[in-house]
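Subject: Handover of a structure

Hello,

I am passing a structure on to you. Please open it first, then read the notes below it.

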Amino acid sequence: MRRFGRTLVTAALAVAVVGGTAGWASGDSQSAVTGPPPGSAAWRADTAYGRELPDPATAAPREVARFFAGLDDAARAALVRSHPLVVGNLDGAPLPLRYEANRLAVAATGDARFASLAAPDRRILAFDPRGRGQVAEVFGDLEHAAHVSVIVPGSDNDAASHDARRAPHTGPAAMARALRTATGTSAAGRPVAEGSVAEGSVAEGSVAEGSVAVIAWTGYTTPVGVGLDAADGRLAAAGATRLARFTAGLDAVGAPDPVLFCHSYGSVVCGLAARHTDASDVVALGSPGMRADTAGDLRTGARVWAARGPSDWIADVPNVRFAGLGHGADPTSAAFGARRVPAADVRGHAGYFTPGTQSLAAFAAIAKGEAR
């Protein structure tokens with residue numbers, strides 16, 4: 001009976017403190033945005049091309065890739081103009097088409113919250129205006145990159161806040177920029193410097209041949225603040241389905257197997273998605289748990305890494321699962337079995353991508369395939 005009482009107290013604590021990057025605020029329950037993108041019904045009804053268009057709800061990314069490979073340039077451009085929201089979110093579609101489609105889709109919303117995403121120099125790989133909005137942005141040349149990393153963020157992230165002012169090197173876009181810079185890749189995609197490495201976790205070596213592309217992926221409905229959404233796995237499960245399909249889309253267009261960098265609640269998403277992706281590495285940072293007791297329970301062939309700074313408040317979150325609440329074992333614990341990323345100089349919950357930190361140096365080495 002005493003043990004049961006302790007479990008109830010621990011579960012209550014989990015509800016009170018599991019959360020994301022925005023601090024100690026009450027959370028509002030969110031409805032997960034799922035299913036095919038807006039405009040899918042009109043896309044399915046389109047018979048102008050003399051052939052059935054791939055169903056966004058059921059077609060595998062490789063089927064989508066084969067469909068577009070069979071079209072000429074004029075037909076591709078016409079589909080972009082007619083169905084920008086579908087093409088822009090269709091995993092397996094050619095990358096340049098998705099960039100152009102999303103530029104058109106963002107502009108068509110007329111929503112000031114998203115206006116900056118339509119700039120011609122942005123590479124927006126996915127954009128969904130439903131709810132608070134979802135977005136994925138590419139930093140670098142994804143078509144020719146030798147290595148690809150995907151930033152999976154935690155709570156309080158969405159398309160509306162993608163370009164919001166934040167503390168330096170926090171937020172998915174800023175994390176992506178910091179990681180790409182740390183890999184020593186220039187804006188033109190060329191390696192320019194020796195990569196620093198973290199003590200004990202990575203091997204000395206020169207910058208990998210070819211460039212690194214980094215994707216800031218806010219492709220799921222994240223929790224808002226601290227509340228039940230952050231303590232349970234409902235939104236993470238919906239996000240995991242979307243992340244798995246997104247990575248299958250990268251594979252369908254010939255991108256290298258990605259490294260997943262999963263921050264805070266994003267690590268719950270990655271924990272549930274890991275077995276369904278072809279990721280080479282999964283890195284959990286500032287994690288409340290991955291809904292697994294051990295790294296082996298993730299059932300992935302990827303290498304699993306974990307980082308937590310000494311002042312990260314996530315350490316105060318009870319690593320339990322009870323009645324669907326809480327996210328389980330601490331990924332940085334010895335019992336979990338992940339490879340440790342040094343993070344002794346990381347400050348707070350969102351400082352893992354700060355230039356000069358051990359964690360960012362280690363992340364860069366993992367992103368370049370140099371870590372062991």
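Why is β1 largely enclosed by the rest of the structure? Five of the five residues of β1 are buried, so the rest of the structure largely encloses this strand. Buried means under 20% relative accessible area, with over 50% called exposed and anything in between partly exposed (1.4 Å probe, protein chains only).

Some ground rules. This is a predicted model, where local features need pLDDT of at least 70, side-chain atom pairs count only at pLDDT 80 or more, and totals for chains, interfaces and linings use all residues. Residues are numbered from 1 along each chain as its sequence is written, and side-chain values use heavy atoms, with hydrogens and water left out.

The sheet

Helices (H or I, at least four residues) and strands (E, at least two) are DSSP runs, numbered from the N terminus. Two strands pair if DSSP finds at least two bridges between them. Eight strands form an open sheet with mixed pairing, in the order β1-β2-β4-β3-β5-β6-β7-β8. β1 and β8 (339–340) stand at the edges with a single partner strand each, so one side of each has no neighbour in the sheet.

β1 (124–128) and β2 (134–139) are antiparallel and joined by four bridges. Asp 128 has Gln 134 in β2 as its bridge partner. The two strands form a hairpin with five residues between them. In the turn, Gly 131 has a positive phi of about 60 degrees.

Next comes β4 (212–218). Five bridges join β2 to β4, and the two run antiparallel. Val 138 is the bridge partner of Ile 215 in β4. Strand β3 (residues 147–152) is also joined to β4 by five bridges, but this pair runs parallel. Here Val 148 stands opposite Ala 213, and Ser 149 stands opposite Val 214.

How many residues of β4 are buried? Seven of its seven are, and the strand is mostly covered. In a regular strand the side chains alternate between the two faces of the sheet. Val 212, Val 214, Ala 216 and Thr 218 point one way from β4. Ala 213, Ile 215 and Trp 217 point the other way.

The aromatic residues

Rings of Phe, Tyr and Trp (its six-membered ring) pair if their centres lie within 6.5 Å; planes under 30 degrees apart count as stacked, over 60 as edge-to-face and the rest as tilted. The whole structure holds seven such pairs. One of them is Trp 217 with Tyr 220, stacked at 5.9 Å centre to centre and 20 degrees between the planes. Trp 217 is buried at a relative accessible area of 3%, and Tyr 220 is buried at 1%. Trp 217 also pairs with Phe 246, and this pair is tilted: 6.0 Å centre to centre, 40 degrees between the planes. Trp 217 is in strand β4 and Phe 246 is in helix α9, so the pair ties together parts that are 29 residues apart in sequence. Phe 246 is buried, as is Trp 217. Ring pairs link Trp 217, Tyr 220 and Phe 246 into a cluster.

There is also a charge over a ring (NZ of Lys or CZ of Arg within 6 Å of the ring centre and within 35 degrees of the ring normal). Arg 339 lies over the face of Trp 305, at 5.5 Å from the ring centre.

Pocket and cavity

On a 1 Å grid over the protein atoms alone, a cavity is a set of points where a 1.4 Å probe fits but cannot get out; a pocket is an open set with protein on both sides within 12 Å along at least five of seven lines; lining residues have an atom within 4 Å of a point. A volume is the space filled by probe spheres set on the points.

The largest pocket has about 480 Å³ of space. Its lining has 25 residues, with Gly 35, Asn 89, Asp 91, Arg 242 and Arg 245 nearest the centre. Which element gives the largest share of that lining? α9 does, with five residues.

The search finds one cavity of 30 Å³ or more. The largest cavity holds about 30 Å³.

Over to you.
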